[in-house]
Amino acid sequence: MNSSVSSFDANNGINGHGHVIHQPQQMMNKPVVHDPTVEYAEQIMQSIWISLEGLNHFGFQSGELCRYYEEQIESVMGSSPGGAPLNLDAALSYIERRTENDHQLSDVEKLFHRFLVCYIQFYCLQDNDAQAFGELVDQMKSMKNDAQHLNCIGNLTIVCTYLRALCFENKELYNSAIPHYKKVIRMDPMFSRAYLHRGRCHYLLAMYERAKDDFDNAILSDSTLSEAYTYRGLCFYRKERYDKAIEDYQRAIELDRLDYRPYAYRAESFSAQKKYRRAISDYDRAIELHDQDSFIFYGRGSCYKHLEEYELAI
């Protein structure tokens, strides 16, 4: 693909934030043969493609870019041309081959394609390959003098660093994840999910004050981030500040009424205050939303035991 192919229509493909998000008219030179895997690969790339010019001229907040990719991938992963069962690995392999063999693509465009493949492997195949994202960051550093695509490279560097941190976090390597989240925050101080996930790492390392500070910053960056309230509530719970914990769980519930966790955690705080009826009500709601967590049943049973309602506790 050359620069003329990547041009965008300023009157089309702009989202509510004023960012160009639609793909160029021709992302790759499409083959004539109708192969379901090839069509699936093309559909994936067309759905998540953002023109380099769009990134350069309009820019994205890095967190918004991640959310955009997640939404687009979720929308396309369940589809398959002609209803045929498709292999995502095969589709991604096709994209990689096309990228390497398409001599019209610039080095930056090839790098962008590799990033998209790595992102899909991470998001859809749970491939926590921190090294792959590290290699992409190193390649982007070698392009730091490319003034034409400076904003694009900057955005992708932040996102790749964030995804690398997520890989470490998913592997429970929290001490390795934390410095990468720190890099993300230094590059993009408004990246709310970087604060959120660094806070999770601090929390799981029993560093509750640092975790709370991170959740505070996540909320300052995005006051609608329900998970930040849930995890900050856990920090308050650990400090036995049950009223503050309950306030945060309530806010999390208001933002996302289908997440069972703040109901379960709020129940735990009510139970700690010996408000067993209110705790049972929350445990009931948590179980309605998610009945696969033994912790919730144990907590509810414990409340019934304290109320000496032993038949219900069993």
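**Notes on the predicted model**

1. The secondary structure of the protein comprises 16 helices and 0 strands. Helices (H or I, at least four residues) and strands (E, at least two) are DSSP runs, numbered from the N terminus.

2. This is a predicted model, in which local features need pLDDT of at least 70 and side-chain atom pairs count only at pLDDT 80 or more, while totals for chains, interfaces and linings use all residues. Residues are numbered from 1 along each chain as its sequence is written, and side-chain values use heavy atoms, with hydrogens and water left out.

3. Of the 314 residues of the protein, 49% count as buried. Buried means under 20% relative accessible area, exposed means over 50%, and partly exposed lies in between (1.4 Å probe, protein chains only). Among contacts between residues at least 6 apart in sequence, 60% join residues at least 24 apart; contact here means heavy atoms within 4.5 Å.

4. The largest nonpolar core has 71 residues. A nonpolar core is a set of buried Ala, Val, Leu, Ile, Met, Phe, Trp, Tyr and Cys residues joined through side-chain atoms within 4.5 Å. The residues with the most contacts inside this core are Y69, F115, F133, L136, Y162, L163 and Y181. Helix α7 (residues 150-170) gives the most to the core, namely 12 residues. Another core, of 16 residues, lies apart from it and includes Y260, Y263, F270 and A286. In soluble globular proteins, nonpolar side chains tend to be buried together.

5. How do the axes of helix α10 and helix α11 cross? The axes of α10 (residues 208-221) and α11 (residues 226-238) come within 9 Å and cross at roughly 150°. Axes are lines fitted to C-alpha atoms, for helices over the stretch in contact, and angles run from 0 to 180 degrees between N-to-C directions. The two helices α10 and α11 are therefore roughly antiparallel to each other, since angles over 145 degrees count as roughly antiparallel (under 35 as roughly parallel, 65 to 115 as roughly perpendicular, the rest as oblique).

6. On the side of α10, the contact is made by Y208, A211, K212, F215, D216, A218 and I219; on the side of α11, by A228, Y229, Y231, R232, C235, F236 and R238. The residues of this contact divide into 10 nonpolar, no polar and 4 charged. Here Ala, Val, Leu, Ile, Met, Phe, Trp, Tyr, Cys and Pro count as nonpolar, Asp, Glu, Lys and Arg as charged, and the others, Gly among them, as polar.

7. S192 is found in helix α9 and is buried, with a relative accessible area of 5%. Leaving aside neighbours within four places in sequence, S192 is in contact with A218, S221, D222 and L225.

8. L205 lies in the loop between α9 (192-204) and α10. Is L205 buried or partly exposed? L205 counts as partly exposed because its relative accessibility is 28%. Not counting residues up to four places away in sequence, L205 touches Y174, N175 and I178. The C-alpha atoms of L205 and N175 are separated by 8.5 Å, although the two residues are 30 residues apart along the chain.

9. R266 has its place in helix α13 (residues 260-272) and, at 12% relative accessibility, counts as buried. Apart from neighbours within four places in sequence, R266 is in contact with I246, Y249, Q250, I253 and D282.
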